[in-house]
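Dear colleague,

Here is the structure I said I would pass on. My notes on it follow below.

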Amino acid sequence: MTTYKIIGHKNPDTDAICSAIAMQEFMKAKGHNAQAYRLGELNKETQFVMNYTSSIIPELVTSFEEKSELILVDHNEKAQSIDNLEQYSLYYIVDHHKFSLETSAPLYIRAEPIGSTCSIVAKMFSEEQIEISKELATLMIAGIVSDTLYFRSPTTTHEDRELVEMLNEIAQIEDVEKFSLDMFSAKSDLGDITAIEMIQIDYKEFEFNGNMYGIGVMETTNAQYGINRLSEIKEALTQIQERDNLTGVMFSVVDILDEKNYSICSNEEFGVQVQQAFSSTLLENGFLDLGGALSRKKQIVPTLKNFLEG
Ligand SMILES: [Mn+2]
């Protein structure tokens, strides 16, 4: 029997890891063999969640045997997936992002404009009336509150709130908001990382108008940590742009609690484009004020895409 291999995106976040585990359990409940993997190191928030639930951390991989049957969760863009995606066969995609993927064969797709991929998988469990364990309920709550920044992000839907309530009847977390704050503090406690590492904690590539761009977002309760390192960040952005042959790289420091976005770009031309696209002002601290653009998916990427392709 085929073992479906389940992967979230590169630079995995909590939703990518937790939805891969949730999808693994869903597939098993449906009588399949399935195994969740990860394409990168866990961030500190995800580490906190995995410790909290004492879950088994999916194994790190860079490739599978050719023709392996894959399930992609929380992404569908080639640039964000496993290298040489075309040498595998895609069985299923479960995602809440815009689609840009062209496939060579038919496949299952479940996509919804909802706050997290964990929300979608939680719905799949409930539609099929499959029992959810306490551990899995906690992991899915973590994925939902992480991606929605505890319902602050404009990507949040009423279903995400309802699903967290439903899941918490099983998970029994005493105070979900406090749990989310603990997750965000863990994510914000970065220690001595380099600027390059900071930019790439939550980093994705996108194609706009035929050119490749990188966008890193640091969601934090300690924005000053990033803001104080302007010159290092600028240097690191230039390095990433050159290393990966990109047209531009952008880094956003997102203050989760104040709901503010402070951004910086790798080169002047891209900086001017971003400034115009968001009608933003340059702050004294050297960052562009992107207002309440908290969501890369719903605000940053669509605004840039419209501006650069419009
Ligand atoms: Mn997600």
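**Manganese site**

Asp 74 and Asp 147 are both buried (under 20% relative accessible area, with exposed over 50% and partly exposed in between; 1.4 Å probe, protein chains only). The model is predicted, with local features needing pLDDT of at least 70 and side-chain atom pairs pLDDT 80 or more, while totals for chains, interfaces and linings use all residues. Residues are numbered from 1 along each chain as its sequence is written, and side-chain values use heavy atoms, without hydrogens and water.

The manganese ion has as protein donors Asp 15 (OD), Asp 74 (OD), His 96 (NE2) and Asp 147 (OD), at 2.1 to 2.4 Å. Donors here are N, O and S atoms within 2.8 Å of the metal (3.2 Å for Na, K and Ca); water is not among the atoms, so sites may look incomplete. The donor spacing in sequence is D-x58-D-x21-H-x50-D. Asp 74 lies in the loop between strand E4 (69-73) and strand E5 (89-95), and Asp 147 in helix H4 (residues 134-147), 73 residues apart. Helices (H or I, at least four residues) and strands (E, at least two) are DSSP runs, numbered from the N terminus.

**Core**

The largest nonpolar core has 70 residues; Met 23, Ile 71, Met 140, Ile 141, Val 274 and Leu 304 touch the most other members. Because domain 1 (3-185) and domain 2 (195-309) both contribute residues, this core lies between them. Such a core is a set of buried Ala, Val, Leu, Ile, Met, Phe, Trp, Tyr and Cys residues joined through side-chain atoms within 4.5 Å; the domain bounds come from an automatic or database assignment.

Regards
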